[in-house]
Amino acid sequence: MSDDKKRLGGSVGGGRKLGVFSGFSPPLQVMGFIGTRKGDPDRGPMVRMRPDDALVRLVTAGDLVRVVSDRCSELAVLEIDESLPRGAVVLRDVVGASLADVIRVLRVDRPPRPRP
């Protein structure tokens, strides 16, 4: 077996690929979008979702998550907001996303700590 097949867990391109994202992630609807300007106190990519939606995805407030849609894939910080309807999110400064997009929020797996 070639080195590529061993690394990818099977035939090249057809096997299970080893990645840094995992978990169950049902689709979410973008309900709001916040665009910031230079000099605003709170800037940068952020996704806001309900606590029960976050629990399904095994993420908590302050976690780094990946926001993925057909047009974008970006890392963002997660914030919890109980006022949102179930299955809806609000994005801030996520390039390529827009209102009414369907996205997925994926947990970013942290690399294992080295053992002493």
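**A buried arginine and some neighbours**

Mentor: Arg66 lies in strand β4, residues 64-68. Strands here are DSSP runs (E, at least two residues), numbered from the N terminus. This is a predicted model: local features need pLDDT of at least 70, side-chain atom pairs count only at pLDDT 80 or more, and totals for chains, interfaces and linings use all residues. Residues are numbered from 1 along each chain as its sequence is written, and side-chain values use heavy atoms, with hydrogens and water left out.

Trainee: Is Arg66 buried or exposed?
Mentor: Arg66 is buried (under 20% relative accessible area, 1.4 Å probe, protein chains only; exposed is over 50%, partly exposed in between). Arg66 has no salt bridge (a side-chain nitrogen of Lys or Arg within 4 Å of a carboxyl oxygen of Asp or Glu). The nearest side chain of opposite charge, Glu74, is 7.9 Å away.

Trainee: Which side chain makes a polar contact with the side chain of Arg66?
Mentor: That of Ser73, at 3.1 Å. A polar contact is an N or O pair within 3.5 Å; within protein, one atom must be able to donate a hydrogen and the other to accept it, and residues adjacent in sequence count only if both atoms are side-chain atoms.

Trainee: New topic. What about the phi of Leu58?
Mentor: Leu58 has a positive phi of about 60°, yet is not a glycine. Most residues other than glycine have a negative phi. Leu58 sits in the loop between α2 (51-56) and β4. Its relative accessible area is 58%, so Leu58 is exposed.

Trainee: And where is Asp93?
Mentor: In the loop between β6 (88-92) and β7 (102-108). Asp93 counts as buried because its relative accessibility is 18%.

Note on methods:
Helices (H or I, at least four residues) and strands (E, at least two) are DSSP runs, numbered from the N terminus. Lys and Arg count as positive and Asp and Glu as negative; His and the chain ends are not counted.
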